[in-house]
Amino acid sequence: MSGAFITVEGGEGAGKTTQIARLADWLRAAGETVVQTREPGGSAAAERIRALVLDPDLSGWTPASEALLMTAARCDHVDKLIAPARRRGEWVLCDRFTDSTRAYQGVMQGLGLGPIDRLEAMFLADFRPDLTLILDIDPDQGLSRMRARQDAETRYDRMDPEAHRAIREAFLGIAAADPERCVVLDASEDEERVAEAVRAAVAARFMVDADG
Ligand code: Z5A
């Protein structure tokens, strides 16, 4: 087996981070080498850009500026972490990737999908995910999970309910447009049920053989 590049997408509180950790444990139990990472971020320079784009005191980025910052961070992340790991045949599990730029900057912020598709084609052509798991959840349920967690506020925590609904629809639209790559999973279930669905989707696509 030569691993795969799997991205996990969805709105706030869908459980992406939780499910990536569980999937990584499952793959490691099967003897695989796994890299867990996230966007924006994942490399030293991209983590600097993350601090900039999530800063609640900085507002007023244009959608284009934000898409370019996300893309700059992603190029560094792919170059420094994702591509080398894939060349070594490792699994790469990434919390958000290009589809988040599509959903947030392209659809919710109104930039459109065209510019994001062009940026992806120009700079990331070889690094489309092998599989994208879209964790779908009603935004009210996702947000109530986040409120229970009480993390430090980021700029995105100030989005209105309409924006969260637009993001959910955007992810479902992305999945419908690319069914070969994307699998939509019901993330409203309890953690174990979602983890089973994640494992089933990965096993079906890559025929991983692991207990549990
Ligand atoms: N962004 C962008 O605009 N453009 C881009 O190109 C990219 C990103 C790449 C990054 O935020 C922000 O950047 C993001 C989009 C934007 N903003 N928003 N919104 P982030 O990294 O700080 O946050 P996030 O990506 O949205 O993740 P999250 O909000 O931390 O949620 P999550 O990873 O999906 O969920 P979690 O951390 O696994 O779980 C949340 C809580 O729910 C936690 O307490 C869990 O224990 C609990 N949980 C998890 N699963 C369950 C189940 N099944 N049942 C009950 N409770 C659960």
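**Close-up views of the cores, the pocket and the cavities**

A search of the whole structure finds 2 cavities of 30 Å³ or more. On a 1 Å grid over the protein atoms alone, a cavity is a set of points where a 1.4 Å probe fits but cannot get out, whereas a pocket is an open set with protein on both sides within 12 Å along at least five of seven lines; lining residues have an atom within 4 Å of a point. Grid points are joined across faces, edges and corners, and a volume is the space filled by probe spheres set on the points. The structure is a predicted model, in which local features need pLDDT of at least 70 and side-chain atom pairs count only at pLDDT 80 or more, while totals for chains, interfaces and linings use all residues. Residues are numbered from 1 along each chain as its sequence is written, and side-chain values use heavy atoms, with hydrogens and water left out.

**View 1. The largest nonpolar core has 22 residues.** A nonpolar core is a set of buried Ala, Val, Leu, Ile, Met, Phe, Trp, Tyr and Cys residues joined through side-chain atoms within 4.5 Å. Ile6, Leu23, Leu93, Leu133 and Val202 have the most contacts inside the largest core. At least two of its residues come from each of β1 (5-10), α1 (16-29), β3 (91-95), β4 (131-136) and α8 (191-206); helices (H or I, at least four residues) and strands (E, at least two) are DSSP runs, numbered from the N terminus. The largest share, 5 residues, comes from α1. Leu23 touches Ile6, Leu93, Val198 and Val202, not counting residues up to four places away in sequence; contact means heavy atoms within 4.5 Å. A second, separate core of 19 residues includes Ala73, Ile167, Ala175 and Cys182.

**View 2. The largest pocket has a volume of about 1100 Å³.** Of the 43 residues that line this pocket, Glu12, Gly13, Lys16, Met146 and Arg149 lie nearest its centre. Among the helices that each supply at least two lining residues are α2 (44-54), α4 (98-108) and α7 (161-177). The largest share of the lining, 5 residues, comes from α6. By class, the lining has 14 nonpolar, 11 polar and 18 charged residues; Ala, Val, Leu, Ile, Met, Phe, Trp, Tyr, Cys and Pro count as nonpolar, Asp, Glu, Lys and Arg as charged, and the others, Gly among them, as polar.

**View 3. The largest cavity has a volume of about 120 Å³.** It is lined by 14 residues, and Gly10, Gly11, Ile137, His164 and Arg168 lie nearest its centre. β4, α6 and α7 each supply at least two lining residues, and α7 gives the most, with 5 residues. The lining comprises 8 nonpolar, 3 polar and 3 charged residues.

**View 4. The second largest cavity has a volume of about 30 Å³.** Its lining consists of Thr71, Arg74, Thr98, Ile116, Leu119, Glu120 and Leu124.

**View 5. Arg74 is placed in helix α3 (residues 63-87).** Arg74 counts as buried because its relative accessibility is 3%; buried means under 20% relative accessible area, exposed over 50%, and partly exposed in between (1.4 Å probe, protein chains only). Leaving aside neighbours within four places in sequence, Arg74 is in contact with Glu39, Phe97, Thr98, Thr101 and Leu124. Arg74, Thr98 and Leu124 are among the residues that line the second largest cavity.
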